[in-house]
Amino acid sequence: MATSGTFTFRLTVEEMVVESYERCGIRPSMLTQYDAESARRSLNLLFADWSTRGINYWTMVEDTQTVTQGTSSYALDAGVLDIFTMVLRRDTTDTVMERISVTEYHELPNKTTQGRPTSWMLDRQYTPTIYVWQTPENSTDVLRFWQMKQMEDITTAGEDADIPYRWTEALCAGLAAKLALKKKPEMLQVLEPLADKAFDHASTDEREKASLRIVPA
């Protein structure tokens, strides 16, 4: 028997909502418009929860920021959750910059000293801000960094969720558990462990797969 030869399986938000309600034992014909809105709200809350559980590699984006002489802080987009690595590009050469803590940055004795920036700190407010030290000595160096961005909001039933194929089961299982909490509490003890198991399976695969190298100083 021949296989389909296609790789297009992808559930819409509406299909994920239906699947999750069915796991709660609720027939789609019983759902109201409010039930659909409640499920989309729970999906967005699930995304918020996932953003605190580790690195979601599909949300990582490389970005740049040209520095300004004498300016040590640079605001990022509101949807940036964290930064994982940063280099300073001068001409065509990249130099690794060290991440320091808020305390370390606060305790620097002279934050206005100008030179080649070697360190950076991220203030993770609603509008996150990068602080660099030393304060840039020119307006031509470029900060290059990989950032983890917030997953895109779920707003309508016909959208695709901002997840890769490999996370589809984790999303449906997680949503089912959240809906059970609101609609079928008696199913929560069954669905919550399944949601945790599906998340663990997906997140185990969501890791760097390059070889680890340890180089003596």
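Is Asp91 buried or exposed? Asp91 is exposed, with a relative accessible area of 73%, where exposed means over 50%, buried under 20% and partly exposed in between, computed with a 1.4 Å probe on protein chains only. Phi of this residue, Asp91, is near 60°, a positive value in a residue other than glycine, and Asp91 is found in the loop between β3 (80-90) and β4.

The model is predicted, so that local features need pLDDT of at least 70 and side-chain atom pairs count only at pLDDT 80 or more, while totals for chains, interfaces and linings use all residues. Residues are numbered from 1 along each chain as its sequence is written, and side-chain values use heavy atoms, with hydrogens and water left out.

Strands β3 and β4 belong to an open sheet of four strands with the order β1-β10-β3-β4 and antiparallel pairing; strands here are DSSP runs of E with at least two residues, helices are runs of H or I with at least four, both numbered from the N terminus, and two strands pair if DSSP finds at least two bridges between them. The edge strands, each pairing on one side only, are β1 (60-66) and β4 (93-96), and the twist averages 35° from one strand to the next. Within this sheet, seven bridges join β1 to the antiparallel strand β10 (residues 142-149), and Thr66 stands opposite Val142 in β10.

A further set of pairings involves β8 (129-133). Three bridges join β8 to the antiparallel strand β2 (residues 73-75), with Ala75 opposite Thr129 in β8, whereas five bridges join β8 to β7 (residues 119-123), again antiparallel, with Leu122 opposite Ile130. A hairpin of five residues connects β7 to β8. In the loop between β8 and β9 (135-136) lies Gln134, which is joined to Trp133 by a cis peptide bond with omega of about 0°.

Turning to the helices, the axes of α4 (residues 168-183) and α5 (residues 188-205) come within 8 Å and cross at roughly 155°, the axes being lines fitted to C-alpha atoms over the stretch in contact and the angles running from 0 to 180 degrees between N-to-C directions. The two helices α4 and α5 are therefore roughly antiparallel to each other, a term used for angles over 145 degrees. The contact, meaning heavy atoms within 4.5 Å, is made by residues including Ala173, Ala177 and Leu181 of α4 and Leu191, Ala195 and Phe199 of α5.

Key: Angles under 35 degrees count as roughly parallel, over 145 as roughly antiparallel, 65 to 115 as roughly perpendicular and the rest as oblique.
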